[in-house]
Amino acid sequence: MSLYKLVFGKACHLPVKLEHRTLRVLRQLNLDMKVADTNRVTELHELDEFRYHTFESTRLYKERIKMIHDKYILEQHFKSGDVVLLYNSRLKLFPGKFKSRWSGPFRVAEMHPTGAVEIALKDGSRKFKVNGQMLKYYQGMSEEDKVISTIYLKDT
């Protein structure tokens, strides 16, 4: 009886036997090095194919999201003299539900081929360039529109 069995109450397995068994199993599995090489090469090809499929799926996802995003971008073609409103994204002075972020009206002075628009105040005193996506047509009344009111007089 060994000291290990006296102290712990069970038999002791020495690692030498385990090493001998594992070495024998490894020899049985790796008998042919060419087979092991071809297995490793096919595994590497499968990894490359998996990576290619992930790149392809991310490319398709990005195209789909870009198409959804571009659907909401409106193409607006402004002409000189159009009356527009400017979206003010930095307006944080008066936070509130009913505060409009659209300022203006402004008059379009010049269109650039890059999409930039040069706008001026109604009186033409100041001109500045803005992104064309931050503009929208002003649907309010212009100076040329006149309001005609009719007054009915009651006969007594």
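# Reading side-chain contacts: a tutorial

A: Let's start with a charge and a ring: the charged end of Lys-136 sits over the ring of Trp-102, 4.3 Å from its centre. Keep in mind that this is a predicted model.

Q: Which residue is 15 residues from Trp-102 in sequence, and how far apart are the two in space?
A: That's Tyr-87, and the C-alpha to C-alpha distance is 4.5 Å. Tyr-87 belongs to strand S1, which covers residues 83–87. Setting aside neighbours within four places in sequence, Tyr-87 is in contact with Arg-101, Trp-102 and Met-134.

Q: Is Tyr-87 buried, partly exposed or exposed?
A: You read that off relative accessibility, where buried means under 20% and exposed over 50%. Tyr-87 comes out at 30%, so it counts as partly exposed.

Q: How many aromatic pairs does a search of the whole structure find?
A: Three. Take Phe-106 and Phe-128: their ring centres are 5.8 Å apart and their planes are at 85 degrees, so this pair is edge-to-face. Phe-106 lies in strand S2 (residues 102–111) and Phe-128 in strand S4 (residues 127–131), so the pair ties together parts that are 22 residues apart in sequence.

Q: What is the relative accessible area of Phe-106, and what is the relative accessibility of Phe-128?
A: Phe-106 has 8% and is buried, whereas Phe-128, at 25%, counts as partly exposed.

Q: Where is His-112, and what does His-112 touch?
A: Look in the loop between S2 and strand S3 (116–120). Not counting residues up to four places away in sequence, His-112 touches Glu-118 and Lys-129. His-112 counts as buried, at 18% relative accessibility.

Q: How do I read salt bridges, and how many does the structure hold?
A: The general idea is that side chains of opposite charge can pair when their charged atoms come close. This structure holds four salt bridges. One of them joins Glu-43 and Arg-40, with the closest N and O atoms 3.6 Å apart. Another joins Arg-59 and Glu-56, where that distance is 2.3 Å. Asp-70 and Lys-66 also meet in a salt bridge, at 2.8 Å from N to O.

Q: Why are Asp-70 and Lys-66 separated by about one helical turn?
A: Because they are four residues apart in helix H3.

Q: Which residues do salt bridges with shared partners join into one network?
A: Glu-56, Arg-59 and Glu-63.

Key: Residues are numbered from 1 along each chain as its sequence is written. This is a predicted model: local features need pLDDT of at least 70, side-chain atom pairs count only at pLDDT 80 or more; totals for chains, interfaces and linings use all residues. Side-chain values use heavy atoms; hydrogens and water are left out. Helices (H or I, at least four residues) and strands (E, at least two) are DSSP runs, numbered from the N terminus. Buried means under 20% relative accessible area, exposed over 50%, partly exposed in between (1.4 Å probe, protein chains only). Contact means heavy atoms within 4.5 Å. Rings of Phe, Tyr and Trp (its six-membered ring) pair if their centres lie within 6.5 Å; planes under 30 degrees apart count as stacked, over 60 as edge-to-face and the rest as tilted. A charge sits over a ring if NZ of Lys or CZ of Arg is within 6 Å of the ring centre and within 35 degrees of the ring normal. A salt bridge is a side-chain nitrogen of Lys or Arg within 4 Å of a carboxyl oxygen of Asp or Glu.
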